[in-house]
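The following note sets out some points for a colleague who is meeting this structure for the first time. Please read it alongside the sequence and the model.

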Amino acid sequence: MCKNQLLNRQKLNSHNVKKQKLRNFYKKSIWPSIVLFLFFIISCAAMPVSFAGIFKEYLLDSQTAVIYDDAQKAGKFLVNRMRREDESILESAAVLERYLGESNGLCVTDEDGYVLFQTGETVPDFERIQGVTAAEGYIFIPETEQGQDNAFTMTSWDFLLRCMGTLPKSYDRHRKWLDNVILRESYWTEVPAELPGLHVYYKDEVMLLQKHIYFIAVALMAEAAFLMVPIILLFINVLSSIGMQKRMVNLLYLDTSTGGNNWIYFQQKCRRILCQFRNASSTYAMVSLHMFRFEDYCACHGSREGEGLLENISSYLQVNMECGETFARFAKADFGILLRCDSDRMTEKRLKKLLAELTGVQKDRGISFCAGLYLIEPQTDGKMHEIQRRRQLDIDQIYHYASAARGMVGEKKGTHIKVFDQQILEEQLWKLKVEEQMEAALLNREFQMYLQPKYDPVTEKIVGAEALVRWISPDEGMISPNRFIPIFEENGFITRLDDYMISAVAKLQSEWKIQGKKQVPVSVNVSRANFTRTDLAQHICRLTDSYGADRSMIELELTESAFFGDKNILQQILKELKMYGFCIDMDDFGTGYSSLNSLKDLPIDVLKLDTDFFRGSDSNGRGEIVVMETIRLAKKLNMKIVAEGIEKKEQVDFLAAQGCDMIQGYYFSKPVPVSEFEKKVQEQ
C-alpha cells in the first residue's frame with residue numbers, strides 16, 4: 001500500500017470516529033422525545049381513570065352518608081320508642097317496619113348472631129362484620145356474596161366505561177332521561193343504637209342516576225378532546241425527530257462522489273454480514289479494487305468527468321452485487337468489495353469478468369483496473385475444528401491486507417488480480433518490524449557507513465568514494481539496503497537517515513584531516529524527501545560544520561527523482577549548496593526523469609552514468625554511442641563523469657579510452673567498511 005493510501009486511511013479512521021460519535025448523538029437525541037411521548041400518552045390515559053375514580057368515591061360517599069343518616073334516625077326511633085312506650089326491641093322494630101319503604105329492611109340479632117327479627121328474605125353477611133363494632137364506624141355490607149360486584153367494589157375503569165355508556169346517541173331534553181337509574185345496590189349498615197346484648201342492622205339502597213354522572217361524562221369527553229391536541233403535536237414532533245435522524249444517518253452514509261454508500265456504511269455492513277451466525281460457515285473475499293491513473297484521467301477530462309466515472313463504476317457494482325454482498329468507495333478511485341466465495345476459482349473468474357466489464361464502461365478513455373483479494377475463511381475452535389461465529393473483525397485491517405496484495409499487481413506485467421498470501425504477509429510483518437525498530441537502531445548506531453571506492457580508469461588508483469548505509473542488526477545481522485530504504489522512503493524516516501549519513505561523512509572527513517590521512521572526496525545521498533524544506537542548504541551546513549569538515553570534500557548525490565519536483569525550489573537549493581562550497585552529483589543519470597534541460601539549468605558538478613548503460617548485450621554498438629556522446633557532452637559542460645556498476649575489464653578499457661573520470665563497481669571493489677577503505681588508500 002502506498003504512502004498516500006496509508007495517510008488517507010489514517011485520516012478516514014479519525015474522521016470515522018467523529019462521525020460515529022455524531023451518529024450516536026442523533027440516535028440518543030430521539031429517545032427523550034419517544035420516552036416523553038409515551039409518558040404523556042400514559043398520563044393522558046390515566047387522567048380520565050383517576051378523575052372517574054375520584055368522582056366515584058365522592059358520589060358513593062355522598063350516597064352512603066344519606067344511608068348512615070337514615071340508620072341513625074332508625075336507631076333513635078327504636079331507643080325512644082322502647083323508653084317511652086316501654087316496649088321490647090321486637091315490638092318497636094315491628095312498629096318501625098310499618099314506616100320503612102320497599103327498599104328498606106331491618107334485622108335484629110343477639111350477641112351470638114342469632115336473628116331475632118328481620119324484614120324480607122335477606123340478612124347481612126355476618127362473616128364480613130365479625131369482630132367489627134358500630135363504635136368503629138359504620139360498615140356497609142352487601143346482602144349476599146354475589147353482591148361483591150357493586151358500587152363499592154367497582155373499579156375506576158369500570159365506572160369510567162359506565163359513565164361513557166350513559167351518553168345518549170342523540171340529545172334528549174326530556175326530564176325522565178336524567179332520572180334514569182344506572183346503578184342500584186342494596187346494603188346493610190349497623191344501627192348505632194346502645195342496646196345491650198343486641199345488634200340492629202338497617203338496609204337501604206345506593207342508587208346512581210343518569211344525572212349524577214351525565215355531566216362528568218361530558219367533562220371527560222371534553223378533557224379527551226383537549227388532550228388530543230398536544231398528543232397530536234407531540235406525535236408529529238416525534239415523527240419529525242425520527243425523520244431527521246434518518247436523514248442524518250443517510251447523510252452520514254452518503255459518498256458525495258458516487259452518490260452511493262461510503263466507507264462508514266461499508267464497515268458496519270461487512271461486520272453485520274460476516275458476524276451473522278448463518279454466515280459462519282461461508283468463505284468471503286475482501287476485494288481492493290483500484291483504477292489505474294485516475295489522477296491523469298481527471299487532469300485530461302476534468303474533475304466532473306472523473307466524478308461521473310466514479311458514479312458509473314458505483315452503479316455497475318450495485319447492479320452486480322448479490323444478496324449478502326456489499327461495496328463502497330474507499331478513497332479516490334479505490335473501492336472495497338465484499339464477495340461471497342463458493343470457491344477460489346469461481347471467485348477469481350467472477351472478478352476477472354468484473355474487471356473486464358468495468359474496463360468497458362468507457363472504452364474510448366482507455367481505463368484499466370486491478371484488484372487484490374483477501375480470503376476470509378470460517379473460524380474454528382482449533383481443537384474439534386468446529387465452526388464458530390466470527391467476532392470482533394477489523395474491517396480496515398482486512399481491507400489493508402487486500403490492498404497490500406493489490407499493490408503487488410504493478411510489479412508483474414499482465415497480472416491484474418493478486419491474492420493475499422504468506423509472502424505478502426511476511427513482507428507486511430517485516431515492514432512493521434522495521435518501523436518498530438528503526439528509532440532504536442538509529443540511537444544505537446546500528447546503521448553503519450560503508451564506502452565503495454571510485455577509481456581512476458587510467459591509473460587505477462582511488463580518487464573518491466561513495467558512502468553507503470548498511471544496517472547491522474543484533475537479531476537479523478547485515479540487512480541489505482533494499483530491504484529497509486524503500487520503507488524509510490515511504491514513512492519519511494529517510495530524512496533522518498540522510499542526516500545521520502551526512503554527519504557520519506563529515507565526522508570521517510574531519511578525522512582524516514586531524515589525523516593527517518589522505519583525504520578523498522566522499523559522496524553521500526540526499527533523498528528527494530529532503531527537498532521539501534526550503535532551508536535544506538543551511539541545515540546541511542550545520543551538520544557538516546559541527547565537525548569542522550571541509551565542505552569541498554563532501555559531495556551531495558541527488559537521484560533523478562529529486563529533479564522531478566518543483567524545479568524552481570530545487571534550483572534555488574542547489575545554488576545555495578554550491579555557494580556554500582559543496583559539490584553536486586546527479587546520480588542514476590538516464591533512468592527516466594533526467595533531461596537535457598536539467599543539465600542546462602541546474603549547477604551539476606558530477607554526472608553518474610546509471611548501471612543500466614553497461615548491462616545486457618550491445619551487439620549493434622548503440623549503447624557505446626550513447627555513453628560516448630554523454631561523456632563528450634559532460635566534458636563540454638565542465639562536468640566530471642562517474643560510471644557505476646562496472647564489472648568487466650573491457651568496460652574499464654572502453655571508459656578509459658573515452659575519458660571517463662572515475663569508475664565505481666565490483667570490478668575494482670565492493671562497498672567495504674571504513675577501516676578497510678582506509679587500508680586500501682594507505683596501501684596505494
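Which residues are linked in a network of salt bridges? The network comprises Lys454, Glu466, Glu555, Glu557, Lys608 and Glu644.

1. Basis of the note. This is a predicted model, in which local features need pLDDT of at least 70 and side-chain atom pairs count only at pLDDT 80 or more, while totals for chains, interfaces and linings use all residues. Residues are numbered from 1 along each chain as its sequence is written, and side-chain values use heavy atoms, with hydrogens and water left out.

2. Salt bridges overall. Side chains of opposite charge can pair when their charged atoms come close. A salt bridge is taken here as a side-chain nitrogen of Lys or Arg within 4 Å of a carboxyl oxygen of Asp or Glu. The count by this rule is 22 salt bridges.

3. Arg496 and Glu439. These two side chains form a salt bridge with an N to O distance of 2.7 Å. Arg496 belongs to helix H13 (residues 494-515) and Glu439 to helix H11 (residues 422-443), so the pair ties together parts that are 57 residues apart in sequence. Helices (H or I, at least four residues) and strands (E, at least two) are DSSP runs, numbered from the N terminus. Both residues are partly exposed, Arg496 with a relative accessible area of 38% and Glu439 with one of 34%. In these terms, buried means under 20% relative accessible area, exposed means over 50%, and partly exposed lies in between (1.4 Å probe, protein chains only).

4. Asp605 and Lys578. A salt bridge joins these side chains at 2.5 Å, N to O. Asp605 sits in the loop between helix H16 (596-601) and strand S19 (606-609), whereas Lys578 is in helix H15 (residues 567-579), so the pair ties together parts that are 27 residues apart in sequence. Asp605 is buried, at 17% relative accessible area, while Lys578 is partly exposed, at 33%.

5. Arg542 and Asp535. In this salt bridge the closest N and O atoms are 4.0 Å apart. Asp535 is partly exposed, with a relative accessible area of 30%.

6. Strand S5 and its partners. Of the 12 residues of strand S5 (residues 198-209), 10 are buried, so the strand is largely enclosed by the rest of the structure. Two strands pair if DSSP finds at least two bridges between them. Strand S1 (residues 105-110) runs antiparallel to S5 and is joined to it by six bridges; Cys107 has Tyr201 in S5 as its bridge partner. Strand S4 (residues 181-190) also pairs with S5 in the antiparallel sense, over nine bridges, and Met207 in S5 is the bridge partner of Arg184.
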